[in-house]
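Thanks for making the time this morning. Please bring up the sequence and the structure side by side, and I will walk you through the parts I would look at.

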Amino acid sequence: MRDDRTEALGRWYARHARDLPWRVPPGDGERPDPYRTWLSEVMLQQTTVAAVKDYFARFTTTWPDVRALAAADDADVMAAWAGLGYYARARNLLKCARTVVADHDGVFPRTEAALLALPGIGPYTAAAIAAIAFQERAVVVDGNVERVMTRLGAIETPLPAAKPEIRALADRLTPEDRPGDHAQAVMDLGATVCTPKSPACVICPLRDHCAGRKAGIAESLPRKAPKAPKPERRGYVYLARNGTDYLVETRPPKGLLGGMLAFPTSEWSETPLPAAPFDARWRDAGEVRHTFTHFHLTLKVLTTAKRGNPDRGEWARLDPEALPTLFAKAHRAAFPSK
Ligand code: SF4
């Protein structure tokens, strides 16, 4: 028997499901293409729906199915991903597409366990694809779900210690039938009603069941254990521009922004040494700051108009705004538009 809370959520979702390009409407009818579900879920990791929509449209137009993506040039995929961040996802996207073609004859496996074995697919993504694309009962837990569950159950244990309690509640609510609609219903509720600040409890389908609302603590949940401050790293970035050409290099395949086209930089550390790609009078153009998952980075921006003979990288004509965000920022610092 379905839990009352699951029922209430299902009725709400039937009327309020978000219309997203990778979705199909709620109900028993059409099922989404697993390729589109997978691609959207990978893009949505750490990234907002608004930021993902255009990328999703471009990817699915250029590479309409998993075989097309598997056959793509690495450089084309990395360039198409530029600006979306967390570039390991793009490298894993290609690896995953190629594994699906090589080992599964171009058909995504349907169980959570088999999906989990694919590159770049973690527990959340495996559960989401199994539930949404294949209607396999899987317990889908992401940040939105954590927020809704801690409020619904008034779970005051701080994260991450609260994860088992959250999962247990999410499991109790997950139905056997249409688990994909249920997963998307919780995600939508978290994104549109049970938002981090000022949850809209008055219009929430779960308001009569919500222990957090009744206790008056909903907005303060989920509680979080205090985080250690992120370390600071520094470095130098070199913008050599000659007419419309820039000196760029492909970053090493492993590590941050691996495989991406970028302006040359020094190492990033607490005490970096300058590492200019050629001798020139480099002009100081200020600093740019960027925050990665595990550290803050401040780069000193140095520019020159000299077309030197570099010890690494090559001269290329390109749109600097198409580079990863950090380097687009560095370009704007070096050459502010009038
Ligand atoms: Fe969230 Fe309020 Fe709904 Fe509880 S009643 S689930 S706190 S929006």
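Before anything else, one term: when I say that parts pack against or touch each other I mean contact, that is, heavy atoms within 4.5 Å. What you see is a predicted model, in which local features need pLDDT of at least 70 and side-chain atom pairs count only at pLDDT 80 or more, while totals for chains, interfaces and linings use all residues. Residues are numbered from 1 along each chain as its sequence is written, and side-chain values use heavy atoms, with hydrogens and water left out.

Let me start with the whole chain. It has 13 helices and six strands, where helices (H or I, at least four residues) and strands (E, at least two) are DSSP runs, numbered from the N terminus. Taken along the principal axes, the C-alpha atoms fill a box of roughly 75 × 50 × 35 Å. Of the 338 residues, 48% count as buried, and here buried means under 20% relative accessible area, exposed over 50%, and partly exposed in between, with a 1.4 Å probe and protein chains only. Among contacts between residues at least 6 apart in sequence, 68% join residues at least 24 apart.

Now to helix 2, residues 34–44, which is mostly covered, since eight of its eleven residues are buried. Those buried residues are Tyr35, Thr37, Trp38, Leu39, Ser40, Glu41, Val42 and Met43. Which helices do the buried residues of helix 2 pack against? They pack against helix 3 (49–62), helix 4 (66–70), helix 5 (74–81), helix 6 (88–104), helix 8 (123–134) and helix 11. At the start of helix 2, a side-chain oxygen of aspartate 33 comes to within 2.9 Å of the backbone nitrogen of tyrosine 35. After helix 2 comes glutamine 46, whose phi is positive, near 65°.

Helix 1 gives us another view of a helix with a buried side. Its 13 residues, 4–16, should span 18 Å at 1.5 Å a residue, and the end C-alpha atoms are 18 Å apart, which agrees; the expected span is 1.5 Å times one less than the number of residues. The buried residues of helix 1 are Arg5, Thr6, Ala8, Leu9, Trp12 and Tyr13. They cover an arc of only 160° around the axis, which puts them on the same side of helix 1, the arc being that of the directions from the helix axis to the C-beta atoms. As a reminder, an α-helix has 3.6 residues a turn, so residues three or four places apart point the same way. On the other side of helix 1, Asp4, Arg11, Ala14 and Arg15 are exposed. The buried residues of helix 1 pack against helix 9 (143–152), helix 10 (163–173) and helix 11 (179–192). The N-terminal end of helix 1 is capped by aspartate 3, with a side-chain oxygen 2.7 Å from the backbone nitrogen of arginine 5.

Let me turn to the loops. Where does proline 160 sit? Proline 160 is in the loop between helix 9 and helix 10, and a cis peptide bond with omega of about 5° joins leucine 159 to proline 160. The peptide bond from leucine 221 to proline 222 is cis too, with omega near -5°, and proline 222 belongs to the loop between helix 12 (211–214) and strand 1 (232–242). Tyrosine 86, in the loop between helix 5 and helix 6, has a positive phi of about 45° although it is not a glycine. Tyrosine 86 is partly exposed, with a relative accessible area of 39%. Aspartate 105, in the loop between helix 6 and helix 7 (112–116), has a positive phi near 55°, and at 57% relative accessibility aspartate 105 counts as exposed.

Finally, a residue in a strand. Not counting residues up to four places away in sequence, leucine 302 touches Tyr236, Val237, Tyr238, Leu239, Trp282, Arg283 and Asp284. Glutamate 321 is 19 residues from leucine 302 along the chain, and their C-alpha atoms are separated by 18 Å.

How values were computed. A polar contact is a pair of N or O atoms within 3.5 Å; within protein, one must be able to donate a hydrogen and the other to accept it, and residues adjacent in sequence count only if both atoms are side-chain atoms.
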